[in-house]
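Please look over the structure below before reading on.

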Amino acid sequence: MISAPASGTGKTTLMLGLLAAFRAKGVSVQPFKSGPDYIDPAFHTAATGRASFNLDSWSMDRARIDGLVGNADGASLILAEGSMGLFDGVAIPGACGNGASADIAVHMGWPVVLVLDVSGAAQSVAATALGFKLMRPDLKLAGVVLNRVASPRHDALVRVGMEQAGVTVLGSLPRRKEVELPERHLGLVQAGEQENLPQILADAAAFVSEHVDLQALQKAAAGTLETAPEPTKVVPPGGRIALAQDDAFAFVYPHLIAGWRAAGATVLPFSPLADEVPDPSADVCWLPGGYPELHAGKLAAASNFRSGIQSFAQTKPVHGECGGYMAMGAGLVDKDGTSHQMAGLLGLETSFEKRKFHLGYRKATLNAAIPGHSAGTRLRGHEFHYATILKEPDAPLALISDSNDIEVAETGSTKAFESGGRATGTFFHMIAEDV
């Protein structure tokens, strides 16, 4: 488990560098991401050539986590990227933990490599490392990688402290801005939007190879699973799924798509930004989250897409999550205050003119069916966006609460059409059924 005391410490740079460096050496690496994140796994996949899967102890039970780890079958090494700080999670435990990366590391028996930002300190950094080493006796600290080291003298002083604390130093990364990845309001710019991604990965691999003991890090790897368990079954939303996939709609969990396909479903990608329509042979249309606010003008001009999805929804179900939900609405106001026409399947109107942060785990009990799940089904998921609701006139889709069991106002929407179709949408992204 590649983790850190906090966000912004350098986990992603180290993770991508390790993935690319091991691949360059011929080591087959299976990547994972702890927590509900879409952007990091896409970078992992680009670096390794293997699909990266999210593991989440709040949303997933242990059987589902074990099954997903089974995707490492055939790999020589597993590297999982943590989220936030190693022990950071919610106050009330969920399916099998509180969502902290430490939960996954302990459950799987994966030692932790802790990335430490040593800026502005020297021997004192060892106190942080020692605290993380002692916080959970059931968690093993493989060692630390020092980041943003100012000079050889600085490195030597930090190492003195680590030796006193009995903590192994696996690497020392000097300050180097050019390996940092561009960010926007929901995190890193998506892997598919990085024109120079191969060069970024090559640079990260060279940087990490030069400053991290790859052999020692690989030797420290361990785990409790001796065989690859079968993945937990996922109920697909339909037999043939029209799935929106482009720069505006890219946020769909890899374990869901893999689960749909394993259940025998056919996924039919299409691009609303390219003014494409859902395949008419599909049973259902699914609009994932993403960045519709960055492409609102182009979506508003996509008249073929708009008329096509309106026609599709008359007789078949259409479901949207977060960005997909907003694109199904009547209109979207961008950050400059300009209003753009959306698909009009729902009366929802949203705005980014005055951003309001919405973040956290969600539990939902469905008032109406969505593709793949009947009314009354309980789901676990996660919400992360900056949109403000201006209007939400349709019937509420679900009773939704946060991780503290406090109801939230974002209920989602459902609307039935006379010819038998239905439009549904939520601001939260479904991760798993609540078992």
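What pLDDT does the protein average?

## Confidence

The model is predicted. The protein averages a pLDDT of 95, and 96% of the residues score at least 70. Over residues 184–188 the pLDDT is below 50. In the model, this stretch still has 27 contacts beyond near neighbours in sequence.

## Helix H6

Helix H6 runs over residues 152–165 and has 14 residues. From its first C-alpha to its last, H6 reaches 20 Å, close to the 20 Å expected at 1.5 Å a residue.

The buried residues of H6 are His154, Asp155, Val158, Gly161, Met162 and Ala165. Why do they lie on the same side of H6? They are on the same side because they cover an arc of only 125° around the axis. The other side of H6 has exposed residues: Pro152, Arg153, Glu163 and Gln164.

What do the buried residues of H6 pack against? Their partners are strand E5 (112–117), helix H5 (125–135), strand E6 (141–149) and strand E7 (169–174). Just after H6 comes Gly166, with a positive phi of about 75°.

## The seven-stranded sheet

Seven strands form an open sheet with mixed pairing, in the order E11-E10-E12-E13-E23-E22-E20. Strand E11 (266–270) and strand E20 (395–396) are the edge strands, and each pairs on one side only.

Within this order, strand E12 (residues 284–287) and strand E13 (residues 317–321) pair in the parallel sense over three bridges. Trp286 stands opposite His319 in E13.

Definitions and conventions:
Residues numbered from 1 in each chain as written. Predicted model: local features only at pLDDT ≥ 70, side-chain atom pairs only at ≥ 80, totals over all residues. Heavy atoms only, no water. pLDDT = per-residue confidence, 0-100. Contact = heavy atoms within 4.5 Å. Helix = DSSP H or I, 4+ residues; strand = E, 2+ residues; numbered from the N terminus. Expected span 1.5 Å × (residues − 1). Buried < 20%, exposed > 50% of the residue type's maximum accessible area, 1.4 Å probe, protein only. Arc of directions from axis to C-beta. Pairing = 2+ DSSP bridges.
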